[in-house]
Amino acid sequence: MFERMVDPPGHLSIPPEETLFRIHVAMRNSDWFGKDEVNLESYRSSDGLVYRMLYTLSGTHLSFMSVQLPNSAPFDEIYEFLNSIALRANLINCIRNSPIFRFLMQSAEYNQMATSMLDEKLFGYLEQDRETFDHQMVIASNDKVSLDYCLPLEYKVKSLSESHVAMVTESWIKCIKQTGKKQLFKEIVKDNIDSRPSIGIFYKDEQFPVGWVTLYKTGMIAQLHVLPSHQRKGLGRVLVRAISKRVKKMSGVLPATCISRRNEESLKLFTTEGFELQPENYQAIFLSVLKRNQH
């Protein structure tokens with residue numbers, strides 16, 4: 001039912017819709033996926049609708065997959081397309097071998113699409129998956145996000161460096177309470193700082209930042225943090241605006257982020273900054289389809 005299309009090599013045109021897939025294409029064009037092998041595939045359904053997917057391989061590990069759905073795609077066709085992905089043996093094996101896997105599925109009408117999917121109960125296992133994958137996406141809206149910021153005189157903004165990797169990693173591990181994967185998290189932070197834009201806020205002439213933010217290879221704002229002694233001064237808001245401004249200038253798009261449903265403070269910060277909350281974690285939906293195909 002789905003015919004593979006030939007995608008043009010080289011620089012890709014960025015889709016006009018404010019979707020996650022748009023961000024991921026921009027990251028690919030900016031070579032921000034680092035050493036990962038980036039694959040882009042497009043498929044046309046028998047009704048002429050085009051589905052696009054971008055996924056990255058790190059060795060034999062599938063670390064990331066993003067799917068852009070046609071806005072007018074019927075639910076049964078979407079489900080059939082997801083099944084066609086899940087049934088590909090090489091991708092299933094890559095997912096099984098991956099220490100970290102992220103899947104994002106979206107159309108320009110994502111709110112209505114996701115809500116309808118849940119109402120129609122098209123996917124099994126979703127309720128229990130929700131408990132495991134409790135994070136929600138927020139996407140910056142071009143006409144709502146401000147990129148202007150003002151710092152108190154005693155603070156300054158600079159990029160992070162390799163000397164800050166340990167500090168950012170320790171703070172991140174403490175926040176997410178995952179002490180068993182320290183080396184993996186350290187490698188992620190180092191890659192974020194070395195390969196993509198990062199922002200540190202420094203107090204007076206101190207060598208280490210009092211606040212920082214980095215960027216995942218998928219265009220997601222990461223490791224946003226301000227030390228307790230410097231909180232309640234608007235520095236978190238400055239970090240969000242500064243990283244958004246730098247990413248926009250370098251890639252042509254605004255970033256997104258992923259926040260735990262329980263992190264009410266971060267959700268409030270990003271939504272008041274013009275980021276729009278997405279209704280569902282699409283990783284759970286895809287893993288539900290994958291589980292069905294394994295039975």
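**Exercise 1.** State the accessible surface of the protein chain and the share that belongs to carbon and sulfur atoms.

*Solution.* The accessible surface, by the Shrake-Rupley method with a 1.4 Å probe, comes to about 14400 Å². Carbon and sulfur atoms account for 50% of that area. The model is predicted: local features need pLDDT of at least 70, side-chain atom pairs count only at pLDDT 80 or more, and totals for chains, interfaces and linings use all residues. Residues are numbered from 1 along each chain as its sequence is written, and side-chain values use heavy atoms, with hydrogens and water left out.

**Exercise 2.** Which residues of the largest nonpolar core touch the most other members, and which element supplies the largest share?

*Solution.* A nonpolar core is a set of buried Ala, Val, Leu, Ile, Met, Phe, Trp, Tyr and Cys residues joined through side-chain atoms within 4.5 Å; buried means under 20% relative accessible area, with a 1.4 Å probe and protein chains only. The largest core has 42 residues, and Leu20, Met27, Ile201, Leu235, Phe270 and Phe275 touch the most other members. Elements that each supply at least two residues include α1 (20–29), β8 (199–203) and α8 (235–251). The largest share, seven residues, comes from α8.

**Exercise 3.** List some contacts of Ile201, leaving aside neighbours within four places in sequence.

*Solution.* Contact means heavy atoms within 4.5 Å. The partners of Ile201 include Leu151, Tyr155, Val157, Pro209, Leu235 and Leu239.

**Exercise 4.** How many disulfides does a search of the whole structure find?

*Solution.* With a disulfide taken as a pair of cysteine sulfur atoms within 2.5 Å, the search finds zero.

Notes:
Buried means under 20% relative accessible area, exposed over 50%, partly exposed in between (1.4 Å probe, protein chains only). Helices (H or I, at least four residues) and strands (E, at least two) are DSSP runs, numbered from the N terminus.
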